[in-house]
Amino acid sequence: MTMQTPAIPKFDAALPETPWRLLARRFARRRAGMIAAGFLLLLTVLALSAPLIAPQNPYDLGQVWIMENEKPPLATSSDGAHTYLLGTDGAGRDMASAILYGLRISLGIGVVSALAALAVGVVVGLAAAYAGGRIDALLMRIVDVQLSLPTILVALVLLAVLGQGVDKTLMALVLVQWATFARNVRGAALVERNKDYVEAAMGQGLPAWRIMLRHVLPNCVAPLIVTTTNQMANAITLEATMSFLGIGLPQTEPSLGLLISNGFDYVLSHQYWISVFPGVALVLLVVSISVVGDQLRVVLNPKLDA
Amino acid sequence: MFDMLAKRALQSVLVLFIMSVLAFVGINLVGDPIYLLVPPDAPQAEIARAAQQLGLDLPVWQQYGRFLGNALHGDLGNSFIFNRPALHLIFERMPATLELAVMALLLSAAIGIPFGMWSGMHPGSLVQRLSSGFSILGVSVPVFWLGLILIMLFSVSLGWLPSGGRGPTRSLFGVEVSFLGWDGIKFMLLPALTLALHNIALIMRITEASTREVAGQEYVRFARAKGVGPLRLIARHIAPNVMIPVVTVLGLEFAHLIAFSLVTETIFAWPGMGKLIIDSLLQLDRPVVVAYLMVVLLLFVLINFVVDVLYLILDPRLRARSA
Amino acid sequence: MALLEVSALVTEFHTAAGVVRALDRVSFSLERGKVLAIVGESGSGKSVTAFSLMNLLDHPGRIASGEIVFRGEDLRSATESRWRALRGDRMAMVFQDPMMSLNPVMRIGDQLAETVAIHHRNSRNEVNGQVEEALRKVGIAAPRERMRAYPHELSGGMRQRVAIANAIINRPDLIIADEPTTALDVTIQAQILYEMKQLVQTSGTALIWITHDIGVVKDLADEVCVMYAGRVIEQGLVADVLASPRHPYTRGLIDSLPNAGAAGARGRRLYSIPGSTPPLLALPPGCTFAPRCSRAAPLCATVPPAAIEGERAFRCFYPLEVA
C-alpha cells in the first residue's frame, strides 16, 4: 500500500489582502469610476502644474496685451509667435492659461475647505456621539437647523458678516460644510460606540479622546470618504457660484466661477469661448469628483452593487 | 395629532426668534454701520447725531428690542440706498421670485416623477440608465453655467426664447404676474428650467429609489395576486406609497428653490428678491439684507409646517402614532 | 377530473451566480373541496410552488417546463390578462405576513372592495355588502365599522383574518395559503387553523396549505406533499403518511415534533435531523437528501424515480418499511 503524502498547501507569495487593497480592486473593476478617476487625476495634475505648463501667466500684466483681446479659439497672436488654443478674453489674456490657473484656485479652495470642514465635523460628531444625552441632542439640533437652510443662504449671510477675501470665503465654506460631516460622523460613531470593543476599551481605562480617535474613528472612515468627495464637489460649486455672483473670491484670485462671470456678457455677442470653456472645465472637475464619490459609495457598500 | 402640530408650530416660532437675534447681531453689530450713512471724516457732531437717530448709542439689548418691536409692526428699516422701507422693496419683488420658484417646482415634478417611477419599475432599462446619468450631471452642473448654456442655445443661436428680463405682466388679485399669457411665460421658461435642473435630478433619484422600494413590497404582490391590473396597480398601490417621501422632498425643495433663485435671477436679469439681495449685499445695504433674510426664513418655516401637515395627511400610519 | 393538476413543474431562477432550479419536476393533483398540505423546510421550494401556481414569480424566476391544469384549462399557455381574471376570483392567495401584504395607505374595506370590483360589476351597495359578509365570516366583529380601519390599526391576527377574507370574498375554487399562521402567536394560530377548516368545509373550496410544521397537517389536511430542496420526496393521504412514512426525511420530520404526551418523552432530548438543507446552487448529485440520510448507499448518487404505490408516491431507493 503506497503512502500518500498529504498535499502541501501552496505558499501564496501574493500581498496580503488588506481592506484597502480589496477596495482598490473592487473600484478598479468599475468602468465609470475609473474613467472619472482618470479625469480627476488629469485635472489635478494640470491644476497643480499650472505655473509650469501654462503658456502665459495671465495675471502678470507684463505678459498680457489688450490688443490681443477677444480672439477666438485657435487664433494666432498678432506677432505670430503662438496660438491661443482656447482664445483670449476681453483683456487679452490667454484662456487656456486662465483656465489652468482658475482650476488651481477652484480645486484648491474646494479641497482645503472640505478637509477643514471634515476636521471640524469629525471633532463635533465624535464629541456628540461620545457624550450622548443632552450635549448630543443640543449639537444635533444646531446641525439640523443649519442643514435645513439652503447652503447658498448660509454662505450669503456669512459673507455679508465676514466681508470679502480668500480667508473669509474659506471660512464661510467651512462653516457651511461642517454640519454634514458632523452628522455623518456622529451617526457612524454612534453605531460603533455601542459595539463591544468600545466597552472593552473603556473598561481598560483608556481616555475618551483616545478611544474615539484611535478606535472608533477608523471604523467610520468608509462613509466619510464618500461624504468628503461629495462635499468637495459641493464646495467647488458653491465657491464658483459665489464668485460668479461677485461675493466670493476677490478679483485677484480668479477661480473658474469668476472667469465664467467675466465672460458672461460676451455670450450675447457670440464670443462664447470666454465663458463656456471655463465652464466646461468646472463641470468636468465637479462631475468627475461626483462620479468618483458615487462609485466609491457603491464599492464601499457591497449590497448596492447591482 | 393636533398637539403634534402645535408643538411644531411652537418650535417654528422659536427658530424664527433665534434667527432674528442672529440676523440682528450679524448685520447690525459687526462692523460699524454708522459709516454707511456718514463718511468717516465727518465732524464728530454729525456722527453723534446720526448715531442717535439710528439709536446706535443705546445699549445692545435695547437696540434689539427696538428692532424686534419694529419688525413685528412690519418695519424693518429703510433701505440705505433707496431710502424706502426695506420690507416694501422685498414684497414688491416677491411675486416675481415666487412665480419662478413655483414654475420650477412644477417642472421638477412633471419631469422628475414620471421618469423616476419608470426607472424604479424597470431597473436596468435604457431609460433608467439615462436617468441615472442625467441625475448625476444634474446635481453636478453649476446652475449658473447651465443658464449660460441655455441662453447660448435658445436665445443666441436659435433665437427662440428671450435671454433675460421678465415679460409683460397682468394683474391677478392685485398682484402682477407674468404666467397668464404666452408672452409672459416665454420669459419664464429658461430661468425656471435653469432653476429646476438640480431639482429634477434630485426628484428623479428619490422617486426612483422610492419606487424601487415600493415595487418590491409584499402588498404589491398581494394586489397582483387578487388580479389588479398594471394601471390600477400603479395608480392605487404603488404611486400613493411612492409619493409620501417624494411630496415631502418637493415641499422642502421649494424652500431651496426660492433661495437658489438668487443665482438664476442674476443670470437672467429677473427682477425678483434674489437680484435685490445680491445688489444689496454688494452695496452693504444692510436693512434690505436683514429684511430679506427674515422674509425668507418666515417662508421656510411656513413651508416646513405645510409639509408636516401634508405628510400627516398622506401617511395614515403617522396619524395613529401621534394620536 | 381533478380541480388542479400539476405535472413535472420546473421553476428556475437565472441569477448572476448561475441557474437555480427551485422546483424540480414537482407533480401533484388536488380535487375539489380537498385540502392539500405542502410541507418543507425553508428553501425547499414551497413558496415558489405557490407563486408558480399563480404566475407571480419575481424576476429572475420563471417556469421552465411542466404543466398546470386548473379546471381543465392549461394555465401555462394563458395570457397575462387571463391570469389576472383568474387571480382573486377563481384562485386566491393568502400571504405569510399580513403586515406586509396589506397596503398601508388603503382602508381594509377599500382593499376588499377592490378585490370584488375588479372581477364583478356590482353596485357599490352590493360590494359593501359582500365585504361585510366576508369580514363576518372570518370572525371580525362589527364589520361595518372595521371596514374603515387601516391595516396598522389592527392586530396581527385580525390582519390575517382580513387577508383570508380577501381570499374568500369571490368564492374561489382554490385558495393557496402560504404559511399564513407563521407570523402569528401560537394561540391565534390554532384559531385561524380551525376557522380555515370550517370555511373550507362549508364552502367546498379546495385549499393548499403551505407550512414548515408537519404538526398542523394532521388536523387540517386530507393529503400531504413533503418537499425537500425543490423536489417532492413523498406524498399521499395524511393518515397514511403520518402513520407510516416511507421516506427517511418524512420520518425525520415526524420524529422532530415535540411529543409531550409520549411515554418517557419528558426530559428526553428533542430530535433534529442532522445537517442542513443544501444550497440550491450546489445540490448534491442524485438524491438531494443523501448527505444527511443514515440509510444512504452508493445507489443514492443517482436521482431516485418516483415510486408509486396506490395513493402514495415517494422518491427513495431504500424506503422505510410499511409500519
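Among what covers the buried residues of helix H5 of chain A are helix H4 (95–131) and helix H7 (166–193) of chain A. Before I go on, this is a predicted model, in which local features need pLDDT of at least 70 and side-chain atom pairs count only at pLDDT 80 or more, while totals for chains, interfaces and linings use all residues. Residues are numbered from 1 along each chain as its sequence is written, and chains are lettered from A and ligands numbered from 1 in the order in which they are written.

Some terms. Helices (H or I, at least four residues) and strands (E, at least two) are DSSP runs, numbered from the N terminus. A residue is buried if 20 or more other C-beta atoms lie within 10 Å of its own, exposed if 12 or fewer, and partly exposed in between, with C-beta atoms placed from the backbone. Contact means that the C-beta atoms of two residues, placed in that way, lie within 7 Å.

Back to H5(A). Its buried residues are Leu139(A), Met140(A) and Val143(A).

Next, the interfaces of chain B. With chain A, the contact takes 31 residues from chain B and 31 residues from chain A. On the chain B side, the elements giving two or more residues are H1 (2–29), H6 (126–140), H7 (143–157), H10 (230–268), H11 (273–282) and H12 (286–314). That side divides into 26 nonpolar, five polar and no charged residues. Here Ala, Val, Leu, Ile, Met, Phe, Trp, Tyr, Cys and Pro count as nonpolar, Asp, Glu, Lys and Arg as charged, and the others, Gly among them, as polar.

With chain C, the contact takes 19 residues from chain B and 24 residues from chain C. Which helix gives the most to the chain B side? H9(B) does, with seven residues. The residues of that side divide into eight nonpolar, five polar and six charged.

Last, chain C itself. Chain C has 11 helices and 12 strands. Its radius of gyration, over C-alpha atoms, is 21 Å, close to the 20 Å that the globule rule (2.2 Å times the number of residues to the power 0.38) gives for 323 residues, so chain C is as compact as a globular protein of that length. Of those 323 residues, 43% count as buried.
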